[in-house]
Amino acid sequence: MKHPKLFTACIAVLSMSLGACGIHLESSATHLPALTGFALSRDASARTEAAAAQRAHSLAALASECSSCASSLEALAQSSQQRLDFLGGVWDPWKDQENTANLPQPEEVAEAPYRIEEFISWLVISARRDLRAASNPTTSSPEQSRQLSAVALGRYASAVQLAQAYAIDIDAGDQGVDALAQRFTQTTGATPNWLVRQGASSDLTLPQASQTTSAFSSSDEAAASTASWDCIAQTLPKSAVHTADFYEAETIENALLDRASRSLERGSKDSRQLRCSLTNTSPSDLAQASLRADVNLLQSDSQDVRLFGVQAALDDLRLWAGAPTVTFPAVVTLQ
């Protein structure tokens, strides 16, 4: 692939997103099919992972003086490839057709940022963009929401782990990413579509779940997840006793109890057990249980419930990142 100028390369993949892989639409051979809605979101996510895998691999080759950094980058490249495979690859508009050489093709996948701080922040920004789409029930079904969020959460986890390897904050490159976006906008007159906010990248937040109670009171998912968070919190002291250097246990316990309380305040049915302890008490098992409870809310038809689950998952990926033996899967699913 030819390397474009830095400002074009760095504002990355998502300004060129077109649609979901594997989707074939009838169209004139002189025009690309038009893709919208979830198809567009899914291909944006796939293109992000394609660019992330390429950049992480190239940065790993340059990190000769930091073996742990190189290992983390290679791990990210492999995880991005797994997420790309999970999505089915980038969109091929002429799949299963012959003699397509002269047909119009989608733009090539652009390149992710070169500087490590900006690369990490770009991963975070794109994950939040995908989670916005996943939390909107008018544009994504529960199944589509789980698919898109599984990839976005995996990408966010990769960004957290890479930031740990470099001992920097996950938002350290926000200003650099903003500068790249501004240069792109000034040059082209268009705003890159991965920039889903106004102002600085640090202001990029998901919409907050409403305080209204109707969605939570009628949600079986909210009741089940609330009970799970409470049970995990009750199990954490036992886990801390049996796990050396599990210093994060009390912080995580308090966060889960607070989350359960906030869900109940929004009207979730209370199915907590007075005394509850999970059989598998390792930090890794408890982290996976907590993420399953978070992702469970993405099955809801309510945007408020989905948003609550998305924010819970982002919080958990940061909370559990430093716990002993805890690693996150490339794709964060209910399994």
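Guide: The structure holds two disulfides, a disulfide being a pair of cysteine sulfur atoms within 2.5 Å. This is a predicted model, in which local features need pLDDT of at least 70 and side-chain atom pairs count only at pLDDT 80 or more, while totals for chains, interfaces and linings use all residues. Residues are numbered from 1 along each chain as its sequence is written, and side-chain values use heavy atoms, with hydrogens and water left out.

Visitor: Which cysteine does cysteine 66 pair with, and how far apart are the sulfur atoms?

Guide: Cysteine 66 is bonded to cysteine 69, with 2.2 Å between the sulfur atoms. The link is right-handed, with 65° about the S-S bond.

Visitor: Is cysteine 69 buried or exposed?

Guide: Cysteine 69 is buried, at 5% relative accessibility. Cysteine 66 is partly exposed, at 25%. Buried means under 20% relative accessible area, exposed over 50%, and partly exposed in between, with a 1.4 Å probe and protein chains only.

Visitor: And what about cysteine 231?

Guide: Cysteine 231 forms a disulfide with cysteine 276, and the sulfur atoms are 1.8 Å apart. The torsion about that S-S bond is about -75°, so the disulfide is left-handed. Cysteine 231 lies in helix H8 (residues 220-242) and cysteine 276 in the loop between helix H9 (249-265) and helix H10 (283-296), so the pair ties together parts that are 45 residues apart in sequence. Helices (H or I, at least four residues) and strands (E, at least two) are DSSP runs, numbered from the N terminus. Both cysteine 231 and cysteine 276 are buried.

Visitor: What is the pairing if I number the bonded cysteines in sequence order?

Guide: The pairing in the protein chain is 1-2, 3-4.

Visitor: New topic. How many helices and strands are there?

Guide: The protein chain has eleven helices and zero strands. Buried residues make up 51% of its 335 residues.

Visitor: What share of the contacts is between residues 24 or more positions apart?

Guide: Such pairs account for 79% of the contacts with a separation of 6 or more. Contact means heavy atoms within 4.5 Å.

Visitor: Now helix packing. How do H10 and H11 cross?

Guide: The axes of H10 and helix H11 (residues 303-319) come within 7 Å and cross at roughly 160°. That makes H10 roughly antiparallel to H11. Axes are lines fitted to C-alpha atoms, for helices over the stretch in contact, and angles run from 0 to 180 degrees between N-to-C directions. Angles under 35 degrees count as roughly parallel, over 145 as roughly antiparallel, 65 to 115 as roughly perpendicular and the rest as oblique.

Visitor: What is the handedness of the crossing of H10 and H11?

Guide: The crossing of H10 and H11 is left-handed, a term for a near helix turned anticlockwise from the far one by less than a right angle, with clockwise being right-handed. Ser290, Leu291 and Asp294 of H10 make the contact with Gly309, Ala312, Ala313, Asp316 and Leu317 of H11. By class, this contact has four nonpolar, two polar and two charged residues. Ala, Val, Leu, Ile, Met, Phe, Trp, Tyr, Cys and Pro count as nonpolar, Asp, Glu, Lys and Arg as charged, and the others, Gly among them, as polar.

Visitor: How about H2 and H4?

Guide: The axes of helix H2 (residues 37-62) and helix H4 (residues 116-134) come within 11 Å, crossing at roughly 165°. H2 is therefore roughly antiparallel to H4. The crossing is left-handed. Residues in the contact include Ala52, Ala56 and Leu59 of H2 and Phe119, Trp122 and Leu123 of H4. The contact of H2 with H4 has ten nonpolar, four polar and three charged residues.

Visitor: What does alanine 56 touch?

Guide: Alanine 56 touches Leu73, Leu76, Ala77 and Phe119, not counting residues up to four places away in sequence. Alanine 56 is buried, with a relative accessible area of 0%. Alanine 56 and phenylalanine 119 are 63 residues apart in sequence, and their C-alpha atoms are 8.8 Å apart.

Visitor: Last one. Where is aspartate 245?

Guide: Aspartate 245 lies in the loop between H8 and H9. Its phi is near 65°, a positive value in a residue other than glycine. Most residues other than glycine have a negative phi. Aspartate 245 is partly exposed, at 48% relative accessible area.
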